[in-house]
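Please open the model in your viewer and keep the sequence panel beside it.

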Amino acid sequence: MDRIRIVGGNQLHGVIPISGAKNAALPLMIASLLTDDTLTLENVPHLADVEQLIRILGNHGADISVNGRRERQGESYARTIHFTSRNIVSTTAPYELVSKMRASFWVIGPLLAREGKARVSLPGGCAIGTRPVDLFIEGLAALGANIEIDGGYIDATAPEGGLTGGRYVFPKVSVGATHVLMMAATLANGTTVIGNAAREPEVADLAKCLNAMGAKITGAGTGTITIEGVRSLSGARHRVLPDRIETGTYAMAVAMTGGDVILEDTDSSLLETALEAIRRTGAEISETNSGIRVVRNRAGIRPVDIVTDPFPGFPTDLQAQFMGLMTKSSGVSHITETIFENRFMHVQELARLGAKISLSGQTAKIEGVSRLKGAPVMATDLRASVSLVIAGLAAEGETMVSRVYHLDRGFERLEEKLTRCGAHVERVSD
Ligand code: UD1
């Protein structure tokens with residue numbers, strides 16, 4: 001199994017191209033099930049989660065072709081992928097597939113809307129928490145779906161004549177349930193209003209693509225989304241928006257090591273709260289024509305407190321990385337996680353590098369240390385794993401990160417992007 005070997009101490013200087021967002025690509029790919037026409041997605045990142053979803057969509061009957069596997073050496077990693085689901089050959093998403101990637105549960109929305117039924121395995125828990133699906137069930141029921149749980153599966157059926165528009169106010173913000181309800185409502189009879197919707201940029205990106213396919217959606221990106229149902233959707237061509245989590249991760253890496261890096265093909269408006277927190281640590285962040293420039297010169301790392309929140313708050317997907325950065329701050333900082341109940345598994349691994357962190361409920365107290373020392377560490381989940389990379393970049397000596405498959409789910413060519421900026425990072429295959 002691959003591991004990542006990091007020898008810390010180098011500053012980062014250069015340009016890092018930011019990939020298309022994993023968390024936008026996944027729902028966009030799933031949206032292709034809503035039409036018998038071809039949906040073409042540009043700027044799709046080459047990630048293990050995308051490959052897994054390609055297999056899952058294939059199981060439902062999607063015909064998928066990939067172009068531009070690697071555009072120009074060192075310049076662009078983006079791929080264009082064509083998805084055509086002329087016929088849905090199966091409305092069942094089996095446990096073996098759904099358990100490998102939670103987001104594949106989201107196929108329930110398009111399958112139910114287009115075919116009137118879906119049998120989708122419950123995803124089960126995952127390392128960062130129990131992650132229930134009650135909001136999906138309630139939301140789809142508000143569109144008239146009948147939902148039963150049978151043998152670990154959700155059996156959803158639409159009434160004769162299809163789903164009907166309805167009104168549903170989420171009691172808690174959920175990105176995935178907002179995606180699913182929005183997709184299902186595009187083909188419902190009448191108008192659906194979703195209240196307390198997730199406002200994440202990926203929701204707005206999905207709505208933009210659905211509208212290009214002929215849907216009638218307004219308000220995506222705000223707390224209230226209105227969807228006027230249409231009879232059918234057509235194909236479209238859509239470019240996946242930049243990955244704000246990857247952007248924030250590399251910005252924090254530079255804030256950690258010092259240096260001067262341009263993050264290319266990204267957009268600061270996607271992560272203002274996170275960039276503001278990074279600025280407060282002492283890094284300078286400015287906009288360039290094609291992205292963002294992050295500079296940290298001699299200044300040390302100032303301690304900054306953060307609380308994770310749904311967008312536009314500080315993203316939970318950057319919490320672990322920010323903790324990595326805070327391990328070397330010049331004082332005491334606090335990080336409070338409000339989205340997932342068990343998202344602190346990186347704490348024990350960061351401690352192996354010499355970090356001083358104590359946990360009290362959902363809040364971590366980080367006492368900055370002047371030196372971290374490299375050690376073997378283990379990745380526990382996607383974002384936690386990259387926090388170990390950030391710490392390793394500033395640790396003395398060698399840090400060996402195992403279980404790298406977590407990183408490969410969400411970070412495209414991480415070692416290559418960092419190496420080109422002067423870091424000492426390599427993949428070691430056993
Ligand atoms: C998405 C992102 C993930 C990110 C998360 C929060 C993708 C592929 N994944 O995950 O990277 O960390 O948003 O920004 O886009 N909940 C319920 N009942 C439900 C659904 C959710 O209680 O039916 C809870 C969850 O357990 C969690 C909270 O709501 O505590 C937010 O989860 P949600 O926004 O749904 O996360 P995902 O869409 O799974």
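**Stop one: the nonpolar core**

Begin by selecting M182, L210 and F322, which touch the most other members among the 143 residues of the largest nonpolar core, where a nonpolar core is a set of buried Ala, Val, Leu, Ile, Met, Phe, Trp, Tyr and Cys residues joined through side-chain atoms within 4.5 Å. Buried here means under 20% relative accessible area, exposed means over 50%, and partly exposed lies in between, using a 1.4 Å probe and protein chains only. This is a predicted model, in which local features need pLDDT of at least 70 and side-chain atom pairs count only at pLDDT 80 or more, whereas totals for chains, interfaces and linings use all residues. Residues are numbered from 1 along each chain as its sequence is written, and side-chain values use heavy atoms, with hydrogens and water left out.

Leaving aside neighbours within four places in sequence, F322 is in contact with M252, A277, I278, T281, V304, I306, F314 and I335.

**Stop two: the ligand**

Now select the ligand and the 19 residues around it, of which D134, S174, V175, D317 and I339 come nearest; a residue is counted as near if one of its heavy atoms lies within 4 Å of the molecule. By residue type, this shell divides into nine nonpolar, four polar and six charged residues. In this grouping Ala, Val, Leu, Ile, Met, Phe, Trp, Tyr, Cys and Pro count as nonpolar, Asp, Glu, Lys and Arg as charged, and the others, Gly among them, as polar.

Colour the helices α5 (134-142) and α6 (175-186), each of which supplies at least two residues of the shell, and note that α5 gives the largest share, three residues. Helices (H or I, at least four residues) and strands (E, at least two) are DSSP runs, numbered from the N terminus.

An N or O atom in the side chain of S174 is 2.6 Å from a ligand oxygen, a polar backbone atom of G176 is 2.8 Å from a ligand oxygen, and a polar side-chain atom of N23 is 3.0 Å from a ligand oxygen. Taken alone the ligand exposes 740 Å², and the protein buries 90% of that, with accessible areas coming from the Shrake-Rupley method with a 1.4 Å probe and, for residues, only the protein chains shown counting as cover.

**Stop three: H60**

Move to H60, which sits in helix α2 (residues 48-60). Is H60 buried or exposed? H60 counts as buried because its relative accessibility is 0%. Its side chain reaches the backbone oxygen of S90 at 2.8 Å, and its contacts beyond four places in sequence include L33, N87, I88, V107 and L111.

Next select T249 in helix α8 (residues 244-257), which is buried with a relative accessible area of 1%. A polar contact of 3.0 Å joins the side chains of T249 and Q321, and Q321 is also one of the residues in contact with T249, together with L318, V386, I390 and F411.

Then pick S333, found in strand β19 (residues 332-336) and counted as buried because its relative accessibility is 0%. Among its contacts beyond four places in sequence are P303, V304, D305 and M326.

**Stop five: backbone details**

Show the backbone at F311 and P312, where the peptide bond from F311 to P312 is cis, with omega near 10°; P312 lies in the loop between β18 (306-307) and α10 (319-326).

Two residues other than glycine have a positive phi to look at: for N43 the value is near 65°, and for R403 it is near 60°.

**Last stop: N146**

Finish at N146 in strand β8 (residues 146-150), which is partly exposed with a relative accessible area of 41%. Leaving aside neighbours within four places in sequence, N146 is in contact with D155, A156 and T157.

How values were computed. Polar contact = N/O pair within 3.5 Å; in protein donor to acceptor, adjacent residues only side chain to side chain. Contact = heavy atoms within 4.5 Å.
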